[in-house]
Amino acid sequence: MRLAVPRMGNLALIIRDLAVRFDLDYVETPPFSENTVRIGAALAPEFACLPLKAVLGNFVEVVENGADTLVTSGGHGPCRFGYYSEIQRRILEREGVEFRMLVLEPITTSLRAFYNSLRELIPREKASLPALFRELKQALDKMVAFDVLDKRAMALRGLEVVPGAVDAALAEARGMMIGAFTAKEIREARCEAEARLRGVRVDTSRSHLKIGIVGEIFVVLEPFFNFDIERWLGRRGAVVERATSISDRIYPRGRHPVFGYDEDSVAAAARPFLNHKIGGDGLLSVGATVIYARRGFDAVVHLLPFTCMPEVIAKGILGRVSSESGLPVLSLSIDEQTGRAGVETRLEALMDLAWSNRRAKERSAEMGVVR
Ligand code: SF4
(Lines give C-alpha, C1' and ligand atoms only; values in the text may rest on other atoms or scores of the structure.)
Protein backbone atom coordinates (compact mmCIF):
# COMPACT_ATOMS: atom_id res chain seq x y z
CA MET A 1 0.00 0.00 0.00
CA ARG A 2 1.41 3.39 -1.01
CA LEU A 3 -0.84 5.85 0.78
CA ALA A 4 -1.75 9.42 -0.02
CA VAL A 5 -3.99 11.91 1.78
CA PRO A 6 -5.38 15.17 0.34
CA ARG A 7 -3.70 18.38 1.46
CA MET A 8 -5.33 20.86 3.81
CA GLY A 9 -3.37 23.33 5.94
CA ASN A 10 -1.24 21.57 8.57
CA LEU A 11 -2.63 18.13 7.70
CA ALA A 12 0.50 17.24 5.70
CA LEU A 13 2.64 17.78 8.83
CA ILE A 14 0.65 15.32 10.88
CA ILE A 15 0.33 12.74 8.12
CA ARG A 16 4.14 12.71 7.93
CA ASP A 17 4.20 12.10 11.67
CA LEU A 18 1.72 9.21 11.45
CA ALA A 19 3.68 7.66 8.58
CA VAL A 20 6.76 7.52 10.82
CA ARG A 21 4.86 6.28 13.88
CA PHE A 22 3.18 3.40 12.08
CA ASP A 23 5.81 2.76 9.43
CA LEU A 24 3.46 3.54 6.56
CA ASP A 25 4.57 3.84 2.96
CA TYR A 26 3.39 7.34 2.23
CA VAL A 27 3.56 9.55 -0.87
CA GLU A 28 3.36 13.24 -0.06
CA THR A 29 0.59 14.96 -2.00
CA PRO A 30 1.97 17.86 -4.05
CA PRO A 31 1.02 21.38 -2.92
CA PHE A 32 -1.99 22.87 -4.74
CA SER A 33 -1.20 24.62 -7.98
CA GLU A 34 -2.93 25.97 -11.09
CA ASN A 35 -2.40 22.51 -12.55
CA THR A 36 -4.22 20.79 -9.65
CA VAL A 37 -7.21 23.07 -10.10
CA ARG A 38 -7.20 22.65 -13.89
CA ILE A 39 -7.25 18.84 -13.58
CA GLY A 40 -9.95 18.81 -10.88
CA ALA A 41 -12.20 21.35 -12.58
CA ALA A 42 -12.02 19.43 -15.88
CA LEU A 43 -13.12 16.17 -14.22
CA ALA A 44 -15.68 17.34 -11.65
CA PRO A 45 -19.29 18.42 -12.20
CA GLU A 46 -19.33 22.18 -12.84
CA PHE A 47 -21.37 23.08 -9.75
CA ALA A 48 -19.51 20.85 -7.32
CA CYS A 49 -17.86 22.93 -4.61
CA LEU A 50 -14.18 23.80 -4.80
CA PRO A 51 -12.90 21.22 -2.25
CA LEU A 52 -14.21 18.36 -4.39
CA LYS A 53 -12.51 19.72 -7.50
CA ALA A 54 -9.24 20.55 -5.75
CA VAL A 55 -8.97 17.19 -3.98
CA LEU A 56 -9.79 15.36 -7.20
CA GLY A 57 -6.93 17.16 -8.97
CA ASN A 58 -4.68 16.42 -6.00
CA PHE A 59 -5.54 12.70 -6.20
CA VAL A 60 -4.72 12.52 -9.91
CA GLU A 61 -1.34 14.16 -9.27
CA VAL A 62 -0.42 11.93 -6.36
CA VAL A 63 -1.39 8.72 -8.21
CA GLU A 64 0.94 9.88 -11.00
CA ASN A 65 3.61 10.23 -8.30
CA GLY A 66 3.20 6.58 -7.27
CA ALA A 67 0.40 6.41 -4.68
CA ASP A 68 -2.03 3.50 -5.02
CA THR A 69 -4.26 3.98 -1.95
CA LEU A 70 -6.13 7.25 -1.53
CA VAL A 71 -7.24 7.94 2.02
CA THR A 72 -10.11 10.34 2.50
CA SER A 73 -12.78 10.99 5.06
CA GLY A 74 -16.47 10.27 4.99
CA GLY A 75 -19.13 12.38 6.65
CA HIS A 76 -22.78 12.83 7.40
CA GLY A 77 -25.23 15.64 7.85
CA PRO A 78 -26.78 18.24 5.58
CA CYS A 79 -23.67 19.03 3.50
CA ARG A 80 -22.63 17.09 0.39
CA PHE A 81 -19.27 16.15 1.84
CA GLY A 82 -20.45 12.68 2.88
CA TYR A 83 -20.94 11.77 -0.79
CA TYR A 84 -17.67 13.13 -2.05
CA SER A 85 -15.45 10.10 -1.57
CA GLU A 86 -17.89 8.03 -3.61
CA ILE A 87 -18.20 10.67 -6.35
CA GLN A 88 -14.43 11.04 -6.53
CA ARG A 89 -14.00 7.26 -6.68
CA ARG A 90 -16.43 6.98 -9.60
CA ILE A 91 -14.89 9.89 -11.51
CA LEU A 92 -11.35 8.53 -11.11
CA GLU A 93 -12.43 5.03 -12.15
CA ARG A 94 -14.18 6.48 -15.21
CA GLU A 95 -10.91 8.17 -16.14
CA GLY A 96 -9.07 4.85 -15.89
CA VAL A 97 -7.01 5.84 -12.83
CA GLU A 98 -5.85 2.75 -10.93
CA PHE A 99 -6.17 3.14 -7.19
CA ARG A 100 -7.93 1.94 -4.10
CA MET A 101 -9.95 4.37 -1.97
CA LEU A 102 -10.03 4.06 1.78
CA VAL A 103 -12.69 6.14 3.51
CA LEU A 104 -12.21 6.99 7.19
CA GLU A 105 -15.65 7.56 8.66
CA PRO A 106 -15.74 10.21 11.39
CA ILE A 107 -15.96 8.85 14.93
CA THR A 108 -19.17 10.86 15.36
CA THR A 109 -20.80 8.84 12.55
CA SER A 110 -19.82 5.42 13.87
CA LEU A 111 -17.02 4.43 16.21
CA ARG A 112 -17.00 0.91 14.82
CA ALA A 113 -16.81 2.09 11.18
CA PHE A 114 -13.99 4.47 12.09
CA TYR A 115 -12.07 1.79 13.93
CA ASN A 116 -12.49 -0.77 11.13
CA SER A 117 -11.31 1.63 8.43
CA LEU A 118 -8.40 2.71 10.62
CA ARG A 119 -7.41 -0.93 11.08
CA GLU A 120 -7.19 -1.32 7.31
CA LEU A 121 -4.50 1.33 7.39
CA ILE A 122 -2.80 0.29 10.61
CA PRO A 123 -3.28 -3.45 11.15
CA ARG A 124 -2.81 -5.13 14.53
CA GLU A 125 0.65 -6.38 13.55
CA LYS A 126 1.78 -2.75 13.39
CA ALA A 127 0.11 -1.56 16.59
CA SER A 128 -1.83 -3.25 19.36
CA LEU A 129 -4.94 -1.44 20.60
CA PRO A 130 -3.16 0.32 23.50
CA ALA A 131 -0.25 1.29 21.23
CA LEU A 132 -2.68 2.59 18.61
CA PHE A 133 -4.47 4.84 21.14
CA ARG A 134 -1.21 6.03 22.66
CA GLU A 135 0.31 6.97 19.29
CA LEU A 136 -2.89 8.63 18.06
CA LYS A 137 -3.15 10.65 21.25
CA GLN A 138 0.45 11.82 20.86
CA ALA A 139 -0.13 12.68 17.20
CA LEU A 140 -3.21 14.69 18.23
CA ASP A 141 -1.20 16.58 20.86
CA LYS A 142 1.38 17.38 18.18
CA MET A 143 -1.36 18.54 15.82
CA VAL A 144 -2.67 20.89 18.53
CA ALA A 145 0.86 22.24 18.99
CA PHE A 146 1.21 22.99 15.25
CA ASP A 147 -2.15 24.79 15.24
CA VAL A 148 -1.35 26.75 18.39
CA LEU A 149 1.92 27.92 16.81
CA ASP A 150 -0.09 29.18 13.81
CA LYS A 151 -2.44 30.98 16.17
CA ARG A 152 0.44 32.69 17.98
CA ALA A 153 2.04 33.66 14.66
CA MET A 154 -1.21 35.24 13.45
CA ALA A 155 -1.44 37.25 16.67
CA LEU A 156 2.14 38.54 16.30
CA ARG A 157 2.64 39.05 12.55
CA GLY A 158 0.90 42.43 12.43
CA LEU A 159 3.06 43.78 15.26
CA GLU A 160 6.49 42.46 14.29
CA VAL A 161 9.31 45.00 14.32
CA VAL A 162 11.39 43.26 11.63
CA PRO A 163 9.31 42.25 8.60
CA GLY A 164 9.33 38.49 8.13
CA ALA A 165 10.60 37.78 11.66
CA VAL A 166 7.42 35.94 12.70
CA ASP A 167 7.47 33.69 9.63
CA ALA A 168 11.14 32.87 10.20
CA ALA A 169 10.39 32.01 13.85
CA LEU A 170 7.35 29.97 12.85
CA ALA A 171 9.40 27.90 10.41
CA GLU A 172 11.97 27.21 13.14
CA ALA A 173 9.27 26.42 15.69
CA ARG A 174 7.65 23.93 13.33
CA GLY A 175 11.04 22.34 12.75
CA MET A 176 11.38 21.83 16.52
CA MET A 177 8.02 20.06 16.63
CA ILE A 178 8.57 17.80 13.63
CA GLY A 179 11.20 15.65 15.35
CA ALA A 180 9.14 15.16 18.55
CA PHE A 181 7.33 11.83 18.91
CA THR A 182 6.94 10.79 22.55
CA ALA A 183 4.66 12.67 24.97
CA LYS A 184 7.70 14.14 26.75
CA GLU A 185 9.39 15.19 23.50
CA ILE A 186 6.19 16.84 22.29
CA ARG A 187 5.73 18.74 25.57
CA GLU A 188 9.33 19.97 25.57
CA ALA A 189 9.35 20.85 21.86
CA ARG A 190 6.11 22.79 22.24
CA CYS A 191 7.58 24.83 25.12
CA GLU A 192 10.70 25.59 23.08
CA ALA A 193 8.71 26.37 19.94
CA GLU A 194 6.35 28.74 21.76
CA ALA A 195 9.34 30.42 23.42
CA ARG A 196 10.90 30.91 19.96
CA LEU A 197 7.80 32.78 18.84
CA ARG A 198 7.60 34.78 22.07
CA GLY A 199 11.18 35.88 21.39
CA VAL A 200 10.17 37.79 18.24
CA ARG A 201 10.39 41.53 18.78
CA VAL A 202 6.96 43.16 18.50
CA ASP A 203 5.67 46.71 18.88
CA THR A 204 2.60 46.36 21.08
CA SER A 205 1.99 50.12 21.03
CA ARG A 206 1.40 50.05 17.27
CA SER A 207 -2.17 50.86 16.35
CA HIS A 208 -3.69 47.78 14.71
CA LEU A 209 -6.92 46.13 13.63
CA LYS A 210 -8.16 42.83 15.03
CA ILE A 211 -9.61 40.67 12.28
CA GLY A 212 -11.27 37.26 12.64
CA ILE A 213 -11.42 34.63 9.92
CA VAL A 214 -14.33 32.20 9.76
CA GLY A 215 -15.75 29.92 7.10
CA GLU A 216 -15.49 26.54 5.44
CA ILE A 217 -12.48 24.62 6.70
CA PHE A 218 -10.82 23.86 3.36
CA VAL A 219 -10.68 27.43 2.03
CA VAL A 220 -9.92 28.82 5.49
CA LEU A 221 -6.89 26.53 5.94
CA GLU A 222 -5.46 26.32 2.43
CA PRO A 223 -3.32 29.37 1.64
CA PHE A 224 -3.33 28.57 -2.10
CA PHE A 225 -7.11 29.07 -2.21
CA ASN A 226 -7.45 31.95 0.23
CA PHE A 227 -4.49 33.85 -1.30
CA ASP A 228 -2.59 33.44 1.96
CA ILE A 229 -5.00 35.80 3.66
CA GLU A 230 -3.42 35.39 7.12
CA ARG A 231 -0.09 36.73 5.90
CA TRP A 232 -1.70 39.34 3.65
CA LEU A 233 -3.60 40.84 6.60
CA GLY A 234 -0.65 40.44 8.97
CA ARG A 235 1.70 42.28 6.61
CA ARG A 236 -0.77 45.17 6.65
CA GLY A 237 -0.65 45.42 10.40
CA ALA A 238 -3.67 43.32 11.38
CA VAL A 239 -3.73 40.96 14.34
CA VAL A 240 -5.55 37.93 12.98
CA GLU A 241 -7.37 35.03 14.59
CA ARG A 242 -9.15 32.19 12.86
CA ALA A 243 -11.90 30.11 14.37
CA THR A 244 -11.08 26.93 12.44
CA SER A 245 -8.25 24.43 12.78
CA ILE A 246 -7.79 20.75 12.06
CA SER A 247 -7.20 20.01 15.76
CA ASP A 248 -10.47 21.59 16.82
CA ARG A 249 -12.30 19.70 14.10
CA ILE A 250 -11.06 16.29 15.23
CA TYR A 251 -10.65 16.85 18.98
CA PRO A 252 -12.96 14.57 20.99
CA ARG A 253 -16.12 15.67 22.76
CA GLY A 254 -16.51 18.96 20.92
CA ARG A 255 -13.61 20.59 22.69
CA HIS A 256 -11.77 23.25 20.70
CA PRO A 257 -8.34 23.59 22.35
CA VAL A 258 -7.06 25.99 19.69
CA PHE A 259 -10.00 28.38 19.24
CA GLY A 260 -10.68 28.19 22.97
CA TYR A 261 -14.49 27.99 22.75
CA ASP A 262 -16.02 24.51 22.74
CA GLU A 263 -18.90 23.39 20.56
CA ASP A 264 -21.52 24.25 23.20
CA SER A 265 -20.19 27.78 23.68
CA VAL A 266 -20.12 28.35 19.93
CA ALA A 267 -23.70 27.05 19.60
CA ALA A 268 -24.83 29.25 22.50
CA ALA A 269 -23.23 32.31 20.89
CA ALA A 270 -24.93 31.55 17.57
CA ARG A 271 -28.33 30.81 19.12
CA PRO A 272 -29.99 34.25 18.77
CA PHE A 273 -29.37 33.97 15.01
CA LEU A 274 -29.16 30.23 14.28
CA ASN A 275 -30.25 27.47 16.63
CA HIS A 276 -29.29 24.27 14.84
CA LYS A 277 -26.56 22.69 12.75
CA ILE A 278 -26.63 23.47 9.04
CA GLY A 279 -23.78 21.19 8.00
CA GLY A 280 -20.10 21.80 7.39
CA ASP A 281 -18.80 24.74 9.41
CA GLY A 282 -21.92 26.91 9.09
CA LEU A 283 -22.81 27.02 12.79
CA LEU A 284 -19.18 27.71 13.73
CA SER A 285 -19.04 30.60 11.23
CA VAL A 286 -22.06 32.27 12.86
CA GLY A 287 -21.09 31.49 16.49
CA ALA A 288 -17.48 32.56 16.03
CA THR A 289 -18.51 35.83 14.38
CA VAL A 290 -20.76 36.62 17.37
CA ILE A 291 -17.84 35.79 19.69
CA TYR A 292 -15.51 38.07 17.72
CA ALA A 293 -18.10 40.87 17.88
CA ARG A 294 -18.34 40.47 21.68
CA ARG A 295 -14.56 40.49 21.96
CA GLY A 296 -14.35 43.84 20.18
CA PHE A 297 -12.85 42.68 16.90
CA ASP A 298 -12.78 45.28 14.11
CA ALA A 299 -13.85 43.02 11.23
CA VAL A 300 -14.47 39.43 10.19
CA VAL A 301 -13.63 37.76 6.89
CA HIS A 302 -15.95 34.88 6.00
CA LEU A 303 -14.50 32.49 3.40
CA LEU A 304 -16.73 30.11 1.50
CA PRO A 305 -16.37 27.95 -1.57
CA PHE A 306 -18.78 28.96 -4.34
CA THR A 307 -21.94 26.76 -4.03
CA CYS A 308 -21.09 25.68 -0.46
CA MET A 309 -24.56 25.15 0.97
CA PRO A 310 -23.84 25.53 4.72
CA GLU A 311 -21.80 28.68 4.21
CA VAL A 312 -24.33 30.24 1.84
CA ILE A 313 -26.87 29.89 4.67
CA ALA A 314 -24.32 31.28 7.14
CA LYS A 315 -23.63 34.19 4.80
CA GLY A 316 -27.27 35.28 4.91
CA ILE A 317 -27.29 35.09 8.71
CA LEU A 318 -23.97 36.92 9.05
CA GLY A 319 -25.59 39.95 7.37
CA ARG A 320 -27.91 40.16 10.39
CA VAL A 321 -25.10 39.55 12.88
CA SER A 322 -23.17 42.37 11.22
CA SER A 323 -26.02 44.87 11.21
CA GLU A 324 -27.00 44.14 14.82
CA SER A 325 -23.46 44.18 16.20
CA GLY A 326 -21.93 46.84 13.94
CA LEU A 327 -19.09 44.44 13.09
CA PRO A 328 -18.15 44.60 9.38
CA VAL A 329 -18.25 41.10 7.84
CA LEU A 330 -16.87 40.44 4.36
CA SER A 331 -17.98 37.16 2.75
CA LEU A 332 -15.62 36.02 0.01
CA SER A 333 -16.89 33.28 -2.27
CA ILE A 334 -14.02 31.32 -3.79
CA ASP A 335 -13.87 29.04 -6.80
CA GLU A 336 -11.37 28.14 -9.50
CA GLN A 337 -12.09 31.44 -11.31
CA THR A 338 -11.43 33.69 -8.31
CA GLY A 339 -8.59 36.15 -8.88
CA ARG A 340 -6.17 37.55 -6.33
CA ALA A 341 -6.67 41.19 -7.39
CA GLY A 342 -10.43 41.11 -6.75
CA VAL A 343 -9.98 39.51 -3.32
CA GLU A 344 -7.27 41.97 -2.28
CA THR A 345 -9.32 44.98 -3.40
CA ARG A 346 -12.23 43.85 -1.25
CA LEU A 347 -9.95 43.17 1.72
CA GLU A 348 -8.47 46.67 1.38
CA ALA A 349 -11.99 48.12 1.38
CA LEU A 350 -12.82 46.08 4.51
CA MET A 351 -9.73 47.38 6.30
CA ASP A 352 -10.56 50.99 5.31
CA LEU A 353 -14.06 50.55 6.71
CA ALA A 354 -12.74 48.96 9.92
CA TRP A 355 -10.27 51.82 10.42
CA SER A 356 -12.93 54.43 9.84
CA ASN A 357 -15.27 52.70 12.35
CA ARG A 358 -12.42 52.58 14.84
CA ARG A 359 -11.69 56.32 14.46
CA ALA A 360 -15.38 57.16 14.79
CA LYS A 361 -15.53 55.12 18.03
CA GLU A 362 -12.41 56.84 19.35
CA ARG A 363 -13.82 60.28 18.51
CA SER A 364 -17.10 59.37 20.24
CA ALA A 365 -15.22 58.16 23.30
CA GLU A 366 -13.22 61.41 23.44
CA MET A 367 -16.45 63.41 23.27
CA GLY A 368 -18.10 61.16 25.89
CA VAL A 369 -20.80 59.94 23.46
CA VAL A 370 -22.22 56.50 24.13
CA ARG A 371 -22.75 54.65 20.80
S1 SF4 B 1 -18.97 22.33 3.59
FE2 SF4 B 1 -19.41 23.34 1.67
S3 SF4 B 1 -17.52 23.25 0.50
FE4 SF4 B 1 -17.35 21.76 2.14
S5 SF4 B 1 -18.08 19.89 1.18
FE6 SF4 B 1 -19.85 20.82 2.20
S7 SF4 B 1 -20.85 22.02 0.60
FE8 SF4 B 1 -18.78 21.54 -0.12
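Gly-319 lies in helix α15, which spans residues 309–325; helices (H or I, at least four residues) and strands (E, at least two) are DSSP runs numbered from the N terminus. The model is predicted: local features need pLDDT of at least 70, side-chain atom pairs count only at pLDDT 80 or more, and totals for chains, interfaces and linings use all residues. Residues are numbered from 1 along each chain as its sequence is written.

Gly-319 is exposed because 11 other C-beta atoms lie within 10 Å. Gly-319 and Leu-330 are separated by 11 residues in sequence and by 9.2 Å in space, C-alpha to C-alpha.

**Domains**

The bounds below come from an automatic or database domain assignment.

| Domain | Residues |
|---|---|
| Domain 1 | residues 3–127 |
| Domain 2 | residues 128–157 + 159–207 |
| Domain 3 | residues 208–371 |

Between the C-alpha centres of domain 1 and domain 3 the distance is 28 Å. Their contact takes 18 residues from domain 1 and 20 residues from domain 3, where two residues are in contact if their C-beta atoms, placed from the backbone, lie within 7 Å. On the side of domain 1 that touches domain 3, the elements giving two or more residues are α2 (34–43) and α3 (50–64). The largest share of that side, 4 residues, comes from α3. By class, this side of domain 1 has 14 nonpolar, 3 polar and 1 charged residues; Ala, Val, Leu, Ile, Met, Phe, Trp, Tyr, Cys and Pro count as nonpolar, Asp, Glu, Lys and Arg as charged, and the others, Gly among them, as polar.

**Nonpolar core**

The largest nonpolar core has 97 residues, and those with the most contacts inside it are Leu-197, Ile-211, Val-300 and Val-301. Such a core is a set of buried Ala, Val, Leu, Ile, Met, Phe, Trp, Tyr and Cys residues joined through C-beta atoms within 7 Å. Not counting residues up to four places away in sequence, Ile-211 touches several residues, including Leu-233, Ala-238, Phe-297 and Val-301.

**Sheet**

An open sheet is formed by 3 strands in the order β1-β2-β3, with parallel pairing. β1 (3–4) and β3 (100–104) stand at the edges, each with a single partner strand, so one side of each has no neighbour in the sheet. Strand β2 (residues 69–73) is joined to β1 by 2 bridges, and strands pair if DSSP finds at least two bridges between them. Ala-4 stands opposite Leu-70 in β2.

Conventions: A residue is buried if 20 or more other C-beta atoms lie within 10 Å of its own, exposed if 12 or fewer, and partly exposed in between; C-beta atoms are placed from the backbone.
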